Amino acid sequence: LATMLPQGKFIVIDPSGRKKGSDKTAIGHFSVYDGVPLLDDLDNSIMTPGQTIRNALRMAMKHGTFLIVVESVAYQETLLYWFGVIAEQLGVAGIDFVEIYPGGSSKNSRIKETIEQLLELETPKRKAEILLADSIRSLVITQITQWNPLKTDNVDDILDLLGYAPRVIVTYSHLAAMRDALENEDF
């Protein structure tokens, strides 16, 4: 993958609170290769909404990414409004800010499916569904080994990002596509 240009890029955010003891906010950058998302950058810490927005914008600029997707459940939806306000104040233009919903399945069902996708190895007859950069792999494995499907209070912020990635490709591929993809002969 190191020599290939990605077909697209996007950032997914799983917002959380900023109080002591809160879950961490996870901001994950994905590059898309042959339709498969690769989590290749991660910011996973307790952040204020303002820090979340600034960190996501920095990540977008670092990677040349023009799509930021925010999990929109309850209050989290308001983060999209503030993305627009802060981006305008900073003079940042050309980035699409969109929402993603969990859909009809429970969080544990989505995460179980994500873990299954991660554990499926690529074979000549089946390609991988989600890829991890080497620098992130151990963090994901830690969350997988500590995740308990019988509990609802798991630490699963990174797993949640991974669960949304395939849905982002299906829903927003037109926004995630590389702006210069048509000039790329490999596309």
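In which sense do strand β2 and strand β3 pair, and over how many bridges? The two strands, residues 25-33 and residues 36-45, pair in the antiparallel sense over nine bridges, where pairing requires that DSSP finds at least two bridges between two strands. Within this pair, Phe30 stands opposite Leu39 in β3.

The model is a predicted one, in which local features need pLDDT of at least 70 and side-chain atom pairs count only at pLDDT 80 or more, while totals for chains, interfaces and linings use all residues. Residues are numbered from 1 along each chain as its sequence is written, and side-chain values use heavy atoms, with hydrogens and water left out.

Five helices and six strands make up the elements of the chain; these are DSSP runs numbered from the N terminus (helices: H or I, at least four residues; strands: E, at least two). Starting at the N terminus, their order is β-β-β-α-β-α-β-α-β-α-α.

How are the strands arranged in the sheet, and in what order? The six strands form an open, mixed sheet in the order β5-β4-β1-β2-β3-β6. Because β5 (96-100) and β6 (131-132) stand at the edges with a single partner strand each, one side of each has no neighbour in the sheet.

Helices also lie across this sheet. Helix α1 (residues 49-63) lies across β1, β2, β3, β4 and β5, at about 20° to β2. Helix α5 (residues 157-176) lies across β1, β2, β3, β4, β5 and β6, at about 135° to β1. Axes here are lines fitted to C-alpha atoms, for helices over the stretch in contact (heavy atoms within 4.5 Å), and angles run from 0 to 180 degrees between N-to-C directions.
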